[in-house]
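Welcome! Take a moment to look over the chain below, and then let's walk through it together.

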Amino acid sequence: MVTIRDVAKRAGVAPITVSRVINKTGYVSDETRERVETAIAELHYIPNSLSQSLRFKKTNTLALIVSDITNPFWTTVTRGVEDASSEDDLSVILCNTDEQQDKLESYVNLLLQRQTDGFLLVPISRDSGLIQRIQRRGVPVVVLDRPVPGSGADSVYGDSEGGAYALVRYLLDLGHRRIGLLTGPLKIATSERRLKGYQRALTEFGIPADPGLILAGEFKQTSGYEMVQRMLRTVNPLPTALFAANNLIAVGAMQALHEYGARVPDDISLVTFDDLPLFLGAPFLTLAAQAPYELGWTAAKRLIAHLKGEADDAPKDIVLPVQLMIRASSAPPRREERIMQS
C-alpha cells in the first residue's frame with residue numbers, strides 16, 4: 001500500500017510537506033505543490049488524512065458487489081441499499097462481477113486499498129476465504145442472497161427453499177407429476193436451497209426426483225434458453241411443467257418454448273422466482289416474489305450498525321419471507337397427461 005512517505009520520496013520533499021498539500025494547510029510553493037500532486041497521481045495515493053473529517057473516520061463509503069446488475073432484482077436491491085445508506089450520509093460504490101470469481105477478488109482488493117468502510121457482498125461460491133480476508137482487515141461484511149456457512153459474516157436473504165417448495169407444491173396440487181427444474185450453478189447457496197425445496201415437495205408426494213429433469217446452468221436468460229433446448233432434445237416424455245430458478249432463466253425458457261411451438265401454459269406450465277419489470281408486459285408468470293428492496297435496505301442497515309458498534313458480535317442470519325403469486329403461466333396439465341400420470 002502506498003504511504004505518504006512514498007509520495008514524499010517521489011516528490012523529493014518531506015512527509016510534512018505532502019500533508020500540507022493534501023490538507024491545504026501552511027505555505028507550500030506552487031512548484032512544490034505541483035510536484036507533490038504529480039507524485040500523488042502517479043502513485044495512485046489515497047490520503048488517509050482525508051478520512052479524519054468523515055463521520056466514521058474513514059472514507060464514508062460502502063461497497064455493494066452484486067452478481068448481475070442487468071437483473072431487475074439486483075437493480076431494486078441496489079436502490080434499497082442506497083436509500084438506507086443515504087440516511088447516514090454514506091455513499092455506495094456499486095460493482096458487478098458477472099459471476100466471475102476473479103472480478104470479485106479484484107474489486108475486493110481495490111476497495112480494501114481505498115479503505116472502503118464496509119462490504120455488502122454477493123458471493124460466487126460457498127468458500128469463506130475471501131470474506132474472512134476482508135474481516136481480518138477489520139472491515140465488516142454483510143452477505144446478500146447467498147449465505148456462506150462458517151464465514152462469520154451476517155447474511156440477509158430470501159427464503160429460497162420455502163419459495164421453491166411452495167411453487168412446486170402448487171404445481172403438484174394442479175396435477176403435474178413431471179416437473180423440470182432449470183437452475184443456476186449448484187455451488188451457489190441460492191441454487192442449492194431452491195433444489196432442496198423442489199426435492200422436498202416431490203418427496204411429500206412420493207415422487208422420486210428424476211435427474212434427467214434437473215438442469216443446472218447460470219442465472220441468465222441465455223442459459224434458460226439453452227437448458228430448455230437441451231431438455232427438448234434429450235428428455236422423453238417432456239415435463240408438463242418447468243420451475244425456472246430465477247426470472248432471467250424463465251425469460252430464456254419462454255423464448256425456447258415459443259420457438260419450439262409450445263404454448264405456456266396450454267402445453268407446459270412455467271413458474272419462477274422474482275418478478276419482471278412491467279415494461280416487459282402484463283404480469284404473467286406465477287412466481288415466488290422476494291422483497292429485493294427490503295433485502296437491500298435491511299443488509300445496509302445491518303452493515304451500518306456494525307460500523308457504529310451497535311451490532312451483536314455473533315453472526316446473524318436474516319431470512320426474509322417470500323410470497324407466492326399465482327398468475328396465468330400455470331395451469332393443470334392437459335387431461336390426457338393427467339390420465340397417463342395417474
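Helices (H or I, at least four residues) and strands (E, at least two) are DSSP runs, numbered from the N terminus. This is a predicted model, in which local features need pLDDT of at least 70, side-chain atom pairs count only at pLDDT 80 or more, and totals for chains, interfaces and linings use all residues. Residues are numbered from 1 along each chain as its sequence is written, and side-chain values use heavy atoms, leaving out hydrogens and water.

**Helix H11**
- By the rule of 1.5 Å times one less than the number of residues, the 16 residues of H11 (292-307) should span 22 Å, and the end C-alpha atoms agree because they are 23 Å apart.
- Buried residues (under 20% relative accessible area, 1.4 Å probe, protein chains only) of H11 include Leu295, Ala299 and Leu303.
- Just after H11, Gly309 takes a positive phi of about 75°.

**Nonpolar cores**
- A nonpolar core is a set of buried Ala, Val, Leu, Ile, Met, Phe, Trp, Tyr and Cys residues joined through side-chain atoms within 4.5 Å.
- The largest such core has 46 residues, and Val168 and Phe243 are among those with the most contacts inside it.
- Helix H7 gives the most to this core, with eight residues.
- A second, separate core has 22 residues, including Leu62 and Leu303.

**Helices H2 and H3**
- The axes (lines fitted to C-alpha atoms over the stretch in contact) of H2 (15-23) and H3 (30-43) come within 10 Å and cross at roughly 85°.
- H2 is therefore roughly perpendicular to H3, a term for angles of 65 to 115 degrees.
- Contact (heavy atoms within 4.5 Å) involves residues including Val18 of H2 and Val36 of H3.

Note on methods. Buried < 20%, exposed > 50% of the residue type's maximum accessible area, 1.4 Å probe, protein only. Axes fitted to C-alpha atoms, helices over the stretch in contact; angles between N-to-C directions. Parallel < 35°, antiparallel > 145°, perpendicular 65-115°, else oblique.
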